[in-house]
Amino acid sequence: MKKPEKIRKVLREFKEGDLKSSSGQKVTNRKQAVAIALSEASRMREGGRVKPQNPKLWAAAKSAAKAKFDVYPSAYANAWASKEYKKKGDTWRGSDNRVTKK
């Protein structure tokens, strides 16, 4: 299923009255339905999530980031942890999700 199809499916559920929020309550606000649709569509990536090859090394990099940065999780801390993980010589498994220039 592609992203536009997923958005249509969620909005159709909303119109039929079957859409529920994460708390289990029925969604009555159209803006909330659109937010749920966009959120679910953004979670759909080809190839799924990218995972570390060595979970122990990734855990060590994350704990170092938690010690170094005041706010974790944050974009800066995660980028730093990822850079440290790669610097120690490991890679990620899963599809390559980097943005390419056309």
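These legends describe close-up views of a predicted model.

The model is predicted, so local features need pLDDT of at least 70 and side-chain atom pairs count only at pLDDT 80 or more, while totals for chains, interfaces and linings use all residues. Residues are numbered from 1 along each chain as its sequence is written, and side-chain values use heavy atoms, with hydrogens and water left out.

**View 1. The protein chain holds four helices and two strands.** Their order from the N terminus is α-α-β-α-α-β. Helices (H or I, at least four residues) and strands (E, at least two) are DSSP runs, numbered from the N terminus. Of the 102 residues, 23% count as buried. Buried means under 20% relative accessible area, exposed over 50%, and partly exposed in between (1.4 Å probe, protein chains only). Among contacts between residues at least 6 apart in sequence, 46% join residues at least 24 apart. Contact means heavy atoms within 4.5 Å.

**View 2. Helix α1 (residues 3-16) crosses helix α2 (residues 30-43) at roughly 150°.** Their axes come within 9 Å. That makes α1 roughly antiparallel to α2. Angles under 35 degrees count as roughly parallel, over 145 as roughly antiparallel, 65 to 115 as roughly perpendicular and the rest as oblique. Axes are lines fitted to C-alpha atoms, for helices over the stretch in contact, and angles run from 0 to 180 degrees between N-to-C directions. The crossing of α1 and α2 is right-handed. A crossing is right-handed if the near helix is turned clockwise from the far one by less than a right angle, and left-handed if anticlockwise. From α1, Lys3, Lys6, Ile7, Val10, Leu11, Phe14 and Lys15 take part. They meet Arg30, Ala33, Val34, Ile36, Ala37, Leu38, Glu40 and Ala41 of α2. The contact residues comprise 10 nonpolar, no polar and five charged. Ala, Val, Leu, Ile, Met, Phe, Trp, Tyr, Cys and Pro count as nonpolar, Asp, Glu, Lys and Arg as charged, and the others, Gly among them, as polar.

**View 3. Alanine 41 sits in helix α2.** Alanine 41 counts as buried, at 4% relative accessibility. Beyond its neighbours within four places in sequence, alanine 41 is in contact with Lys3, Lys6 and Ile7. The C-alpha atoms of alanine 41 and lysine 2 are separated by 8.1 Å, though the two are 39 residues apart along the chain.

**View 4. Leucine 19 lies in the loop between α1 and α2.** Leucine 19 is buried, with a relative accessible area of 3%. Neighbours within four places aside, leucine 19 touches Val10, Glu13, Phe14, Gln25, Lys26, Val27, Ala33 and Ile36. The C-alpha atoms of leucine 19 and isoleucine 36, 17 residues apart along the chain, are separated by 9.4 Å.

**View 5. The largest nonpolar core has eight residues.** They are Val10, Leu11, Phe14, Leu19, Val27, Ala33, Ile36 and Ala37. Helices α1 and α2 are the elements that give two or more residues to this core. Apart from it lies another core of seven residues, among them Leu57, Trp58, Ala61 and Ala81. A nonpolar core is a set of buried Ala, Val, Leu, Ile, Met, Phe, Trp, Tyr and Cys residues joined through side-chain atoms within 4.5 Å.

**View 6. Helix α3 (residues 55-68) crosses helix α4 (residues 75-87) at roughly 135°.** Their axes come within 9 Å. That makes α3 oblique to α4. This crossing is right-handed. Helix α3 contributes Leu57, Trp58, Ala61, Lys62, Ala64, Ala65 and Lys68 to the contact. Helix α4 contributes Ala77, Asn78, Trp80, Ala81, Ser82 and Tyr85. Nine of the contact residues are nonpolar, two polar and two charged.
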